[in-house]
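Here's a short tour for anyone new to reading protein models. Take a look at the picture first, then we'll walk through it piece by piece.

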Protein chains: 2
Amino acid sequence: NAQARSAIELRCQCIGTHSRFIHPKFIQNVNLSPSGPHCKNVEVIATLKDGRELCLEPTAPWVKLIIKAILDK
Amino acid sequence: NAQARSAIELRCQCIGTHSRFIHPKFIQNVNLSPSGPHCKNVEVIATLKDGRELCLEPTAPWVKLIIKAILDK
């Protein structure tokens with residue numbers, strides 16, 4: 001579980017990012033990790049309802065929109 | 001760990017929200033859970049660098065700004 005790991009591990013969790021749009025209805029939750037000493041990248045990890053975890057690109061407009069949609073719902 | 005739980009539990013994780021501003025430098029990660037059958041509320045759970053977990057108010061402007069700051073960094 002990448003979310004549980006992110007609280008304790010001292011390295012980047014993502015080795016790449018998923019580039020295709022994912023509809024918010026498939027997303028169970030989204031974890032945002034700021035960059036820091038453990039990892040120079042901002043990491044956005046979506047957990048889907050089927051249990052899969054996907055790293056998303058923090059700078060992608062559709063990723064920002066999904067996050068906005070979650071907050072505004 | 002509220003983040004690990006959020007992937008498997010079928011109820012709301014937050015019983016209230018922390019109302020005071022938290023500087024992003026104290027935040028290790030932020031978990032966003034959309035509302036759904038398990039919980040009618042959008043839940044935003046920040047894990048601080050000291051290990052504490054705080055529920056934040058998704059509609060608070062400072063919470064939105066912190067999330068934006070994490071993504072834009």
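In which sense do β2(B) and β3(B) pair, and over how many bridges? They run antiparallel, with four bridges between them; strands pair if DSSP finds at least two bridges between them. Val44(B) sits opposite Leu56(B) of β3(B). The two strands make a hairpin with four residues between them, and in the turn Gly51(B) has a positive phi of about 95°.

A quick word on ground rules: this is a predicted model, where local features need pLDDT of at least 70, side-chain atom pairs count only at pLDDT 80 or more, and totals for chains, interfaces and linings use all residues. Residues are numbered from 1 along each chain as its sequence is written, chains are lettered from A and ligands numbered from 1 in the order in which they are written, and side-chain values use heavy atoms, leaving out hydrogens and water.

Now for chain A, which reads α-β-β-β-α along the sequence. Helices (H or I, at least four residues) and strands (E, at least two) are DSSP runs, numbered from the N terminus.

| Chain A item | Value |
|---|---|
| Helices and strands | two helices, three strands |
| Buried share of the 73 residues | 47% |

Buried means under 20% relative accessible area (1.4 Å probe, protein chains only), and areas come from the Shrake-Rupley method with a 1.4 Å probe.

Back in chain B, helix α2 (residues 61-72) has 12 residues. Among its buried residues are Trp62(B), Ile66(B) and Ile70(B). The buried residues of α2(B) pack (contact means heavy atoms within 4.5 Å) against β1, β2 and α2 of chain A, together with β1, β2 and β3 of chain B.

Terms used. Buried < 20%, exposed > 50% of the residue type's maximum accessible area, 1.4 Å probe, protein only. Expected span 1.5 Å × (residues − 1).
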